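Me: I would like to go through some labels used for this structure and ask what each one rests on.

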Amino acid sequence: MQAATIHGDVFIGAHPTPRSHSVPRQLPQAPRHFTNRTDNLAALNHLRDPAAPSMAVVTGPAGVGKTSLALRWLQEHRDDWPDGQLYVDLRGHLSEVPISPSTILPQFLRALGVPVGEIPTDLAEQTALYRTVIADQRIAVLCDNALSAAQVRPLRPASEASVCLVTSRWHLSSLLLDGAALVPLGPLDTDSAIELLGQIAGQERIAADRVAARSMVTASGCFPLSVAVGGALLLTRPEWTLASVATQLTARHTADLDGEVSMSASLDQSYAALSEAAARLYRRLSLHPGAVFSKHIAQAVAATPPAVDNTEDCLAALVDANLLTAPDPERFRFHDVIHQHARDRAESDETGEQRHESVERIIDAYLTWANAADRVLYPQRRRPPAEYAHASSARTEFANAATALAWFDLERENLLAVQRLAVESGLDGATWQLADAMWALFIYLRYRDDWISVHELGVAGAAQCGHRLAESRMHTGLGIALRDAGRLRDALRAFTAALALRREIADRRGEGLVLHNIGITHRRMGDWDTARSVLKTALSIREESNDIRGVARVHGTLGEVESLTGNHETALAHLTRARAALTHTQDPYEALTERLLGEAHLRSGNLHAALTHLTAALEALRHTGEVFETGAIHEAFGELAECEHDTVSARSHYARAEAIYTRLSAGRDAHRIANRLRNLDSATGE
């Protein structure tokens, strides 16, 4: 924890003494309140190994406790360096006035007993003398708040028996090339933050309202400095409640208490040190609704005038300043406290027009990539032309279906958040287009709750636009999602609304699509006669519209209905026609049709044919990897294995299906498989 700002540049004795008697002890007092950091202290302990590096860089964002960690470790092991401990605040967080080594070295030399008249003015000569003086000594040097490696290098002892500890908001990568160890520091875990809060404000007070204490430290981001500010509020204002302080922290209260600088003030300092371009990118990235984003988003917001030309350099600068972290080379993360700070800066330093355009560009970027992924996964799907607020020449390509689906799954939370951002920003066209672009995501991976909520927003957005075709598409998508979730009556209502819109705009082909889905819903209800009647009407319209894929899919559904009602010959005829039209097309319904054929053969008693078609169903999904349909196929394989009295294989396939359903949050399906497994265990006495 950094409980206070350390004032002044270098802590040295007031009166130099003869060199032979000079034992400087310049380290400020270690923080009284300190918790956890066991792993980080252990990492620093490696410096005590003679074979280990003699320098370490403790790096992390403002207020995370870098100085406190360094001081705690140096004070605990002060006996390791009997010849002195030197300290300097390099003020790297105050970029306007970074301290030069030529200012520090004379002060270090005086503290080591060198008479003022013997200290040279040239930096190179100062460095040489410094290294000579401490060559045979065991010295610890703490270079606090370093801005650059150039500040640190002349201050590093040359002796392997000495150690140099550096704290910085930047990684100082060139020091790592010099052999320094990197000790990254992040916020405390929640329990440690509560412990720290209790140390400052009193454990009894925290124990009396631990829920509010958790809320308070969470609001502070578990940054030690923010926790300390909150603890100081509690300590100095006993009449205040934990909840009230948590509210103030949430609102980013920045009051200065007893000289302490709040988290916002610390972040303001890091922000002020950025180049104009990096600061501009920092502000615009804050408008992204999630904490994690890809490089493509940075490139998108960089195009808002005035443009940021050197996006990669600016991202590197933000990572180096610990304002962003980089989980991998293509993705970046905001800590929530820093994210909020960046939003605040965007509010104050960007115009309303600039913020709105950056939001539009964020949404356009996701819509562009989602449309590209959807086209790879479902190339046959008809879709309205995409409309973007800002045209982009950026390439958006996926190598294959598996890559496209992996992107959808990786970005799912961001896509949902961006659609909500579109709603909040009044961008109704983008709202429904995002829902439409996510179709392949939901068809393959299902995520039913998201599927429903996305299309509910899509319906509202399309209605606001007065786009009747889009509104019908959204109602249809919502109906399919509701049906898949088992809400069959709600699904029929959505399909009824979609059907009315298709008829209103005289979209005969779309009418056939909606009727097909109504027929599927009646099949799910077990209303076989209505299902047959509606499906035959849908088949007639789709044939009339020359909708080849649509015709094949209706034959597939009719085949399932006939199979479930025991009309095996008729069922196989319908399903075979469907298969002939869809095989080797990479249509998402190709695997479904093969599975339905396998299940139809299973019901008719032809186990060999069932195995053939279920195997073909899995093969049809080879290009996408495991999706929801993969679970359904393994479930069918389990049923086949049970018919063959192969309980080992049945259990294996059911377990695989259950794992897939569970991963995709398909609780109803996972529960069904769990019951199958229990029944299987009961039947075998296991």
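Predicted model: local features only at pLDDT ≥ 70, side-chain atom pairs only at ≥ 80, totals over all residues.

Me: Why is Ser472 called buried?
Reply: Buried means under 20% relative accessible area. Ser472 has 0% relative accessibility, so the label applies. The residue is part of helix H22, which covers residues 468–484.

Me: What makes the pair Ser472 and Ala498 a polar contact?
Reply: The cut-off for two N or O atoms is 3.5 Å. A polar atom of the Ser472 side chain lies 3.2 Å from the backbone oxygen of Ala498, so the pair falls within that cut-off. Leaving aside residues up to four places away in sequence, Ser472 touches Ala498, Leu501 and Arg502.

Me: Why is the pair Arg446 and Asp484 called a salt bridge?
Reply: The limit is 4 Å between a side-chain nitrogen of Lys or Arg and a carboxyl oxygen of Asp or Glu. The closest N and O atoms of Arg446 and Asp484 are 2.7 Å apart, so the pair qualifies. Arg446 sits in the loop between helix H20 (439–445) and helix H21 (448–465), and Asp484 in helix H22, so this bridge ties together parts that are 38 residues apart in sequence. Both residues are buried.

Me: What places Asp349 and Arg345 about one helical turn apart?
Reply: They are four residues apart in helix H16 (residues 336–349), which means a separation of about one helical turn. An α-helix has 3.6 residues a turn, so residues three or four places apart point the same way. The two side chains meet in a salt bridge at 3.3 Å, N to O.

Me: Why are Asp349 and Arg345 called partly exposed?
Reply: The label covers values between 20% and 50%. Asp349 has a relative accessible area of 32% and Arg345 one of 21%, so both take the label.

Me: Which labels do Glu619 and Arg622 get?
Reply: Glu619, at 45%, is partly exposed. Arg622 has 63%, so it counts as exposed. Their side chains meet in a salt bridge at 2.7 Å, N to O. Elsewhere, salt bridges with shared partners join Arg446, Arg448, Asp484, Glu635, Glu639, Asp669, Arg672 and Arg676 into one network. The structure holds 45 salt bridges.

Me: How do you know that the span of H31 agrees with its number of residues?
Reply: At 1.5 Å a residue, its 17 residues should span 24 Å, and the end C-alpha atoms are 24 Å apart, so the two values agree.

Me: What makes the buried residues of H31 line one face?
Reply: Ala650, Tyr654, Ala657, Ile660 and Tyr661 are buried in H31. Seen down the helix axis, the buried residues fall within an arc of 125°, so they line one face. Val648 and Thr662, on the other side, are exposed.

Technical notes: Residues numbered from 1 in each chain as written. Heavy atoms only, no water. Helix = DSSP H or I, 4+ residues; strand = E, 2+ residues; numbered from the N terminus. Expected span 1.5 Å × (residues − 1). Buried < 20%, exposed > 50% of the residue type's maximum accessible area, 1.4 Å probe, protein only. Arc of directions from axis to C-beta. Polar contact = N/O pair within 3.5 Å; in protein donor to acceptor, adjacent residues only side chain to side chain. Contact = heavy atoms within 4.5 Å.
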